[in-house]
Amino acid sequence: MWLWEEQGGLLGPFSFLLLLLLLLTRRPVSAGLFTGVLYLLLRFFSFEPLPSRRALQVLKPGGRIAAIAHRGGSHDAPENTLAAIRQAAKNGAAGVELDVEFSSDGVAVLMHDNTVDRTTDGTGRLCDLTFEQIRKLNPAANHRLRNDFPHEKVPTLREAVAESLNHNLTIFFDIKGHANKMRQTDRNVVTGLTHRPWSLSHTGDGKPRYDALWRHGLFVVMDILLDWSLHNLLWYLCGISAFLIQKDFVSPAYLRKWSAKGIHVVGWTVNSFNEKSYYESHLGASYITDSLLEDCGPHF
C-alpha cells in the first residue's frame, strides 16, 4: 500500500517523472529504466520514518499544539543564548528552535549565521574562529534588549541541551549542512525538512533576487524543481516526520495532503496574535514564533 499516492506513496510522482522523461527523450526503454533505477535507489537508501507516536511526543507534546520559540525567542531575548532558552520557558513555550554551527576547532555552538557579525560584537566567519575566540564575544551586543542581558556568552550545544532539558523544553535543532550526521548518529531523532517556496528566485519580502531576466527565470525553474522534489521525493528519502514551511503557504488542504503521508506540518515564523489564534483554533497545527509575549515584525 506504500506505493499509492493516497497512502502517502510514490506512484504519482514517479508516474509524472516517467511521463516527463518520455516527452523529453522519446525513448520509452531509457525513460522506464531511469525511472525504475531511481525508484529502487530511493527505496533502498531512504531513512525509515519514525512511528507516529514517537513523532507526536516531540511535535505535539501532551497532545497539545506547540508554540516553539524561534532561536529561543529572538524578539524576547538575544537569539541562540541560554538566556533565550530560560525566557522561552518562562513565557510558556513548549519548545525552542536552535541553530547549530561549528567553530574552527570543531566545537558545536549555537549560532544561526556562518559569521558572528550580525549578532555579536565581533567579526569573522565561524569556521575561522576557535571556540576560545567565540566565547569572548557578546551575543547580546546587537539585540534590542541588550542592556537586560549583560553577561551572555555564546553557548555550546551541550550547555544548550542541558538548559533546555532543565526547563522541560522540546528542542528543534536547525543543523543546516550537518543534518545527515545527526540522523546517521541516532536514527530515533525526529527529523523534518524546512522550506520557503520561491526562496531561490525571490527574497523573503517577495522581491526578485536578480535583475537579469534570464537569470531570474533560471532560478524560478530551480524553485519549481526544488518544490516538486521536496513534496514528492525528498520527504520519503529523508524519512521525515515533520515539514516546516513558511507560514503563508499553510492551509487546511495543505495540512491534509501531508497528513495523508503521516507527516505533521509546522508553520514559521508566526509572529502576530491573529496568526497564532488561526493556527491554534482553525488549523490545529504547531508553529514557530519569535515572541511569546507580543506581536513582532515578520521574519524571512
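Q: How many aromatic pairs are there?
A: The count comes to 7 aromatic pairs. Keep in mind that this is a predicted model.

Q: Give me one. What's the geometry of Trp-235 and Tyr-236?
A: Trp-235 and Tyr-236 pair edge-to-face. Their centres are 5.6 Å apart, with 90° between the planes.

Q: Are those two buried or exposed?
A: Trp-235 and Tyr-236 are both buried.

Q: And Trp-235 with Trp-258: why is that pair called edge-to-face?
A: Because the planes stand at 85°, and over 60 degrees counts as edge-to-face. The ring centres of Trp-235 and Trp-258 are 6.3 Å apart.

Q: Where do the two sit in the chain?
A: Trp-235 is in helix α8, and Trp-258 is in helix α9, residues 252-259. They are 23 residues apart, so the pair links distant parts of the chain.

Q: Why does Trp-258 count as buried?
A: Its relative accessible area is 0%, and buried means under 20%. Trp-235 comes in at 6%, so Trp-235 is buried by that cut-off too.

Q: Which residues make up the ring cluster?
A: Ring pairs join Trp-235, Tyr-236, Phe-243, Tyr-254 and Trp-258.

Q: What charge sits over the ring of Trp-258?
A: That of Lys-261. Its charged end lies 5.4 Å from the centre of the Trp-258 ring.

Q: Back to Phe-243. What stands opposite it?
A: Leu-193 does. Phe-243 itself is in strand β6.

Q: Which way do β5 and β6 pair, parallel or antiparallel?
A: Parallel, over 4 bridges. β6 covers residues 242-246, while β5 covers residues 192-195.

Q: What do β5, α8 and β6 make together?
A: They make a β-α-β unit, and it is right-handed. The helix, α8, spans residues 213-238.

Q: Which β5 residues are on the covered face?
A: Leu-193 and His-195. Gly-192 and Thr-194 are on the uncovered face.

Q: Why the every-other-residue pattern?
A: Because side chains in a regular strand alternate between the two faces of the sheet.

Q: New topic. How many cavities of 30 Å³ or more turn up?
A: A search of the whole structure gives 1. The largest cavity has a volume of about 60 Å³.

Q: Which residues line the largest cavity?
A: Among them are Glu-79, Asn-80 and Thr-81. The lining also includes Leu-110, Met-111 and His-112, plus Thr-119 and Thr-120. Pro-139, Val-154 and Pro-155 belong to the lining as well.

Conventions:
Residues numbered from 1 in each chain as written. Predicted model: local features only at pLDDT ≥ 70, side-chain atom pairs only at ≥ 80, totals over all residues. Heavy atoms only, no water. Buried < 20%, exposed > 50% of the residue type's maximum accessible area, 1.4 Å probe, protein only. Pairing = 2+ DSSP bridges. Right-handed = clockwise from strand over helix to strand, strands pointing away. Phe/Tyr/Trp six-rings, centres within 6.5 Å; stacked < 30°, edge-to-face > 60°. Lys NZ or Arg CZ within 6 Å of the ring centre and 35° of its normal. 1 Å grid on protein atoms, 1.4 Å probe; cavity = no way out; pocket = protein on both sides within 12 Å on 5 of 7 lines; lining within 4 Å. Points joined across faces, edges and corners; volume = space filled by probe spheres on them.
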